[in-house]
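Dear colleague,

I am passing on the structure that we talked about, together with some notes on what came out of it. Please look at the model first and then read on.

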Amino acid sequence: MDPMVQGQLKEWFLMISTIGLCGWFLYLAAANRRRKQKNDMQKALLDKFSSAHDFAEFMQSPAGQKYVLTFADAVTRPIDSIMNSVKIGIVMVFSGGALASFGNGQRWIVDAGGTVLAVTGVGFIVSAVVSYILFRKLKPSEIRADGKD
């Protein structure tokens, strides 16, 4: 490959990676803000109840049961967190491999960053596999053929 074209590809890759990293930081900031707002809303709702009896009545109503299901579903689905770990691991392995291959031994920092990224991705995948095995051993009745709990 022509060294000039190779240099341009590396520059494009670095530019796209930088834009992606900035987008990721913005996403994390927005997700953190949403989580904080949701927690504040839940706190404000719980503060409205003057006694445990009022809260118990609310929880027995259809609206209260629907409210509990909105945050209970996200907490009680371990398969979703296992799948997220697999997705993150796969993306990190391929991103790290691509980053390490762009370094070509000339830019050791790029090679090192790619290697760390790929190894971290492998760690996510291994963690997901171990979590899945433990989940199956501890809760075999919750896994059905359609993959839903």
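This is a predicted model: local features need pLDDT of at least 70, side-chain atom pairs count only at pLDDT 80 or more; totals for chains, interfaces and linings use all residues.

Residues are numbered from 1 along each chain as its sequence is written, and side-chain values use heavy atoms, with hydrogens and water left out.

The whole chain

The protein chain has 5 helices and 0 strands, which gives the pattern α-α-α-α-α when read along the sequence; helices (H or I, at least four residues) and strands (E, at least two) are DSSP runs, numbered from the N terminus. Of the 149 residues in the protein chain, 15% are buried, where buried means under 20% relative accessible area, exposed over 50%, and partly exposed in between, with a 1.4 Å probe and protein chains only. The protein chain exposes about 11,400 Å², and carbon and sulfur atoms supply 68% of that area; accessible areas come from the Shrake-Rupley method with a 1.4 Å probe, and for residues only the protein chains shown count as cover. Among the contacts in the protein chain with a separation of 6 or more, 54% are between residues 24 or more positions apart, a contact being heavy atoms within 4.5 Å.

Helix 1 has 45 residues, which at 1.5 Å a residue should span 66 Å, and its end C-alpha atoms are 65 Å apart, which agrees; the expected span is 1.5 Å times one less than the number of residues. The buried residues of helix 1 are K10, A31 and Q42. L21 also has its place in helix 1, which covers residues 3–47, and L21 is partly exposed, with a relative accessible area of 43%.

L21, W24, F25, Y27 and L28 make a nonpolar surface patch of about 540 Å². Patches are made of residues with over 30% relative accessible area and no salt bridge, with like charges joined within 9 Å and nonpolar side chains (Val, Leu, Ile, Met, Phe, Trp, Tyr) within 5 Å; a salt bridge is a side-chain nitrogen of Lys or Arg within 4 Å of a carboxyl oxygen of Asp or Glu.

The count of aromatic pairs comes to 1. This pair is formed by W24 and F25 and is tilted, at 5.5 Å centre to centre with 35° between the planes; rings of Phe, Tyr and Trp (its six-membered ring) pair if their centres lie within 6.5 Å, and planes under 30 degrees apart count as stacked, over 60 as edge-to-face and the rest as tilted. W24 is partly exposed at a relative accessible area of 47%, and F25 is partly exposed at 47%.

From helix 4 (residues 78–103), A100 is partly exposed at 25% relative accessibility. Leaving aside neighbours within four places in sequence, A100 is in contact with V110, D111, G114 and T115, and the C-alpha atoms of A100 and A118, 18 residues apart along the chain, are separated by 8.7 Å. S85, also in helix 4, is buried with a relative accessible area of 19%, and S85 touches F124 and A128, not counting residues up to four places away in sequence.

L117 is in contact with M92, S95 and G96, leaving aside neighbours within four places in sequence, and L117 and G97, 20 residues apart in sequence, are 8.0 Å apart in space, C-alpha to C-alpha.
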